[in-house]
Amino acid sequence: MSDILVVGGGAAGLMAAITAARHGASVTLAERNEKVGRKLYITGKGRCNVTNDCTAEEALQNLPQGGASSCTAP
């Protein structure tokens, strides 16, 4: 088993730590802010910028505007 130190608890650091832990490593995550992933809370207009395990249709149904957008596809 490996001992891994991940420096930085942002999106990339969190993903690296999770992936290493899932592969059996003993992981320590070092972050200078009070909370890890702090910037994730302010992305996506307060809805967080995380990947969901659902279909695109399910994701659109759960948006506040029901998937309606002011932009159109070409």
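The following paragraphs describe a β-α-β unit in a predicted model.

The unit is made of strand β1, helix α1 and strand β2, and its handedness is right-handed. Strand β1 covers residues 3-7 and strand β2 covers residues 26-30; the two pair in the parallel sense over 5 bridges. Within this pairing, Leu5 stands opposite Thr28 in β2.

Helix α1 comprises residues 11-22. At 1.5 Å a residue, its 12 residues should span 16 Å, and the end C-alpha atoms of α1 lie 17 Å apart, which agrees with that expectation. The buried residues of the helix are Gly13, Ala17 and Ala20. Viewed down the axis of α1, these buried residues fall within an arc of 70 degrees, so they line one face of the helix. An α-helix has 3.6 residues a turn, so residues three or four places apart point the same way. The buried residues of α1 pack against both β1 and β2. On the face turned away from this buried side, α1 carries the exposed residues Ala12, Met15 and Arg22.

Gly24 follows α1 and has a positive phi, near 95 degrees. Ala25 is placed in the loop between α1 and β2. Ala25 has a relative accessible area of 15%; because buried means under 20%, Ala25 counts as buried. Ala25 and Leu5 are 20 residues apart along the chain, and their C-alpha atoms are separated by 10.0 Å. Leu5 is also the residue that stands opposite Thr28 in β2.

Technical notes
Residues are numbered from 1 along each chain as its sequence is written. This is a predicted model: local features need pLDDT of at least 70, side-chain atom pairs count only at pLDDT 80 or more; totals for chains, interfaces and linings use all residues. Side-chain values use heavy atoms; hydrogens and water are left out. Two strands pair if DSSP finds at least two bridges between them. Helices (H or I, at least four residues) and strands (E, at least two) are DSSP runs, numbered from the N terminus. A crossover is right-handed if, with the strands pointing away from the viewer, the path from the first strand over the helix to the second runs clockwise. The expected span of a helix is 1.5 Å times one less than its number of residues. Buried means under 20% relative accessible area, exposed over 50%, partly exposed in between (1.4 Å probe, protein chains only). The arc is that of the directions from the helix axis to the C-beta atoms. Contact means heavy atoms within 4.5 Å.
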